[in-house]
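Have the sequence and the 3D view ready.

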Amino acid sequence: CACKIGFKGDGKLCTDVDECAAGAAGCHKDAKCANTAGGATCTCLPGFVGDGKVCADMDECANGTAGCDKNATCTNAPGTFSCACKAGYGGTGKVCADIDECAMSTAGCDKNAICTNTIGGATCACKAGFSGNGKSCIDVDECATGTAGCAVSATCVNSAGSFTCTCKPGYTGDGKTCVTLKTVVYAYVGGVVQGFA
């Protein structure tokens, strides 16, 4: 008597051989071995494809099964993958939402700039009275550049992001428009006080 393949003994008594424990099943290193009566089965591990004897990495990023968010980057690795939200987005990688860099003060705008959140980023624009790229803003001297629009008979004083126009002595107005103050002379004529400009 002789034991069948997958069994051991003297033929009178045969017991199952555990091919998995003995390393005799021939499973791939990326496969799971399961002992059966008289044999063994090999099944590729999750993230791998094949018959168990030969297993190849499954590229979940390439085949679209990773399930990463449209605003995430998928990175394949042997037997697995990872999803990471792109710059300007936050989340798990499976779900990504826009980050409001303005609200979080991470846009890098100058203190004299206006921050505007955009999908996946933010823009910085210098406030009125300042010039620059939004990341760096400097005061515009409207008095020196002649853009203040003060009247000729007014004094222009620059300030951070602004300016003031003030009529010079002897003039009145809002600084943009100044008119000469009239001098009134009072005289006593024929017993009546009269004013003459």
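## Ground rules

A disulfide here is a pair of cysteine sulfur atoms within 2.5 Å. This is a predicted model, where local features need pLDDT of at least 70, side-chain atom pairs count only at pLDDT 80 or more, and totals for chains, interfaces and linings use all residues. Residues are numbered from 1 along each chain as its sequence is written, and side-chain values use heavy atoms, with hydrogens and water left out.

How many disulfides does the structure hold? The count is 13.

## Cys-126 and Cys-137

Start with Cys-126 and Cys-137, whose sulfur atoms sit 2.1 Å apart in a disulfide. The link is left-handed, with -90 degrees about the S-S bond. Cys-126 belongs to strand E12 (residues 121–126) and Cys-137 to strand E14 (residues 137–139), so the bond ties together parts that are 11 residues apart in sequence. Strands (E, at least two residues) and helices (H or I, at least four) are DSSP runs, numbered from the N terminus.

Are these two cysteines buried or exposed? Cys-126 counts as buried at 19% relative accessibility, and Cys-137 is buried too, at 9%. Buried means under 20% relative accessible area, exposed means over 50%, and partly exposed is in between (1.4 Å probe, protein chains only).

## Cys-68 and Cys-83

Next up, a disulfide joins Cys-68 to Cys-83, with an S to S distance of 1.9 Å. The torsion about that S-S bond is about -75 degrees, so this disulfide is left-handed. Cys-68 lies in the loop between helix H2 (60–63) and strand E7 (72–77), while Cys-83 is in strand E8 (residues 80–85), so the pair ties together parts 15 residues apart in sequence.

Cys-68 is partly exposed at 23% relative accessibility, whereas Cys-83 is buried at 14%.

Cys-14 is partly exposed, at 33% relative accessible area.

Cys-1 counts as exposed, with 79% relative accessibility.
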